[in-house]
Amino acid sequence: MSDPLVFDNASPRFGLPFLYSGQAQKEFYVNEAFAITDALLHCAIEGTATTPPASPVDGQNWSIGTGATGDWASHVGQIACRQSGNWIYVTPKDGMRVFDRSSGRSWLYTSGWKIPSAVSAPTGGSTVDSEARAALSQLIAALRLAGILP
């Protein structure tokens, strides 16, 4: 017979708080876990910024860029999630994907954000075959970066 599972006070990947029997203010912990889950489930960011927006809207997420100031100063590289009039900060983990609304691109996190670049279409040239191969190579590289191809 195996030992029962023993948990810390939060989940290992995103720090979602766990409940314990006899715990006071359970609704605080449940609401915090729901807020983080809401922010990360099919996560979409508004873009990357270094200062919080002047009038943030609940439900918006932002990637915090280098040189951040204000409420975001000590959270560079994290995702700022606006929930119930407050900022919740999430540190990206490998395998996490976000959709950047400002650029219309999906990002993949693997030891840093992998952001696919646009693929240039062939434009003439004296050797069509080599230009087509170069375009296909760029397309394959972009699909790998997006996590679509291995």
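Over which residues does pLDDT stay under 50?

**View 1. The stretch of residues 1-6 in the predicted model.** In this predicted model, pLDDT stays under 50 over residues 1-6, and for this stretch the model has zero contacts beyond four places in sequence.

**View 2. The helices and strands of the protein.** The protein contains two helices and eight strands, which follow one another along the sequence in the pattern α-β-β-β-β-β-β-β-β-α. Of its 150 residues, 29% are buried, while the accessible surface comes to about 9800 Å², with 57% of that surface belonging to carbon and sulfur atoms. Among the contacts with a separation of 6 or more, 29% are accounted for by residues 24 or more positions apart.

**View 3. His42 in the loop between helix 1 and strand 1.** Helix 1 (26-40) and strand 1 (44-45) are the elements on either side of the loop in which His42 lies. Although His42 is not a glycine, its phi is positive, at about 50°. His42 counts as exposed because its relative accessibility is 75%, the cut-off for exposed being over 50%.

**View 4. Ser111 in the loop between strand 7 and strand 8.** The loop that holds Ser111 runs between strand 7 (105-109) and strand 8 (113-114). Ser111 has a positive phi of about 55°, although this residue is not a glycine. With a relative accessibility of 67%, Ser111 counts as exposed.

How values were computed: Residues are numbered from 1 along each chain as its sequence is written. This is a predicted model: local features need pLDDT of at least 70, side-chain atom pairs count only at pLDDT 80 or more; totals for chains, interfaces and linings use all residues. Side-chain values use heavy atoms; hydrogens and water are left out. Helices (H or I, at least four residues) and strands (E, at least two) are DSSP runs, numbered from the N terminus. Buried means under 20% relative accessible area, exposed over 50%, partly exposed in between (1.4 Å probe, protein chains only). Contact means heavy atoms within 4.5 Å. Accessible areas come from the Shrake-Rupley method with a 1.4 Å probe; for residues, only the protein chains shown count as cover. pLDDT is the predictor's confidence in each residue, from 0 to 100.
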